[in-house]
Amino acid sequence: MRDGNGISDSGTSGLLIVGPRVTLRPMTREEFHQARRAFVPDPAVDPDPYAYDVAEVDARYDMLAKEASKITLGVFVADGVGGGEAGASGAPSPVHRNASSGSGAYSVTEAPSPGAAPTRATIVGELAIKRIDREKARCDLGIRLTHGAVKGQGFGGEAFALATRYAFESLGMAAVYADTMGGNTRMRRILDRLGFRCYLCLQECYDMGGRWEDRLDYVLKRDDWEALEGHPRA
């Protein structure tokens, strides 16, 4: 059975992934609306106009429950976050598993309910663990921050690092995939820093309204990630 966040009751309905400044967790309907209301498309990577529509956002939220191979999480930062502590969310950091990583201290646990924690936090984006294929042990990651004011502060990079670790350690993936446009230099830097390898370039894949952008496909294999993290499998 799945709840309104598209998260299986069997293990991720109360998923809480906590990093030094960023927390990933399922969104309530209102938080989903907050993210969509705040969204401002970046013309460099998303030239299409966007207008917030309550009915469309409600329908999209309801669709999350039907996406069996996808986990959609909100990207939250504590109000007034500065240097950040592990679990900088206004709530104590419940710890199931801790490790040091490229994103700093890290914990995963099951919260009582999607909206229970963290408190006093602002949603700054959405992250999707999608096309989850448990037979082939692979998935894709995608992220979208709400607007330019929250970019360039490391939130996206930390969120991506947390989701990558979760995919390997908790979902048991053997490979994590991602893609981006050639001109999306921020995303390319994040992927390079985390050890993703660009294995395919589809030239002039995206029509950006007067210009064409390449699509770059990336992959990070589990063995390579473990070598980078310094945590070889037992």
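How many helices and strands does the protein chain have? I found five helices and 10 strands, where helices (H or I, at least four residues) and strands (E, at least two) are DSSP runs, numbered from the N terminus.

**Ground rules**

I am working with a predicted model, so I kept in mind that local features need pLDDT of at least 70, that side-chain atom pairs count only at pLDDT 80 or more, and that totals for chains, interfaces and linings use all residues. Residue numbers start from 1 along each chain as its sequence is written, and side-chain values use heavy atoms, with hydrogens and water left out.

**Whole chain**

I looked up burial next. Buried residues make up 46% of the 234 residues in the protein chain; buried means under 20% relative accessible area, exposed over 50%, and partly exposed in between (1.4 Å probe, protein chains only). I also checked contacts, meaning heavy atoms within 4.5 Å. Among those between residues at least 6 apart in sequence, 69% join residues at least 24 apart.

**The largest pocket**

I read its volume as about 1,300 Å³. Of the 48 residues that line this pocket, the closest to its centre are Val45, Ile143, Arg144, Leu145 and Asn184. The elements giving two or more residues to the lining are helix 1 (29-38), strand 6 (121-133), strand 7 (138-145), helix 3 (155-169), strand 8 (175-181) and helix 4 (185-194). Helix 4 gives the most, with seven residues.

On a 1 Å grid over the protein atoms alone, a pocket is an open set of points where a 1.4 Å probe fits, with protein on both sides within 12 Å along at least five of seven lines, and lining residues have an atom within 4 Å of a point. Grid points are joined across faces, edges and corners, and the volume is the space filled by probe spheres set on the points.

By class, I got 23 nonpolar, 11 polar and 14 charged residues in the lining. Ala, Val, Leu, Ile, Met, Phe, Trp, Tyr, Cys and Pro count as nonpolar, Asp, Glu, Lys and Arg as charged, and the others, Gly among them, as polar.

**Helix 3**

Is helix 3 largely enclosed or open? I see that 14 of its 15 residues are buried, so helix 3 is largely enclosed by the rest of the structure. I checked its length as well: at 1.5 Å a residue, times one less than the number of residues, helix 3 should span 21 Å, and its end C-alpha atoms are 21 Å apart, which agrees.

Glycine 157 lies in this helix and is buried, with a relative accessible area of 8%. Leaving out residues up to four places away in sequence, glycine 157 touches Ile190 and Arg193. I put its C-alpha atom 9.6 Å from that of isoleucine 143, 14 residues apart along the chain.

**Positive phi**

Alanine 137 has a phi near 55°; it sits in the loop between strand 6 and strand 7 and is buried at 16% relative accessibility. Glutamate 204 has a phi near 50°, but its place is in strand 9 (residues 197-207), and it is exposed at 53%.

**Cysteines**

I found zero disulfides, a disulfide being a pair of cysteine sulfur atoms within 2.5 Å. For cysteine 198, the nearest cysteine sulfur, that of cysteine 201, is 6.4 Å away. Cysteine 198 is partly exposed at 37% relative accessibility, whereas cysteine 139 is buried at 0%.
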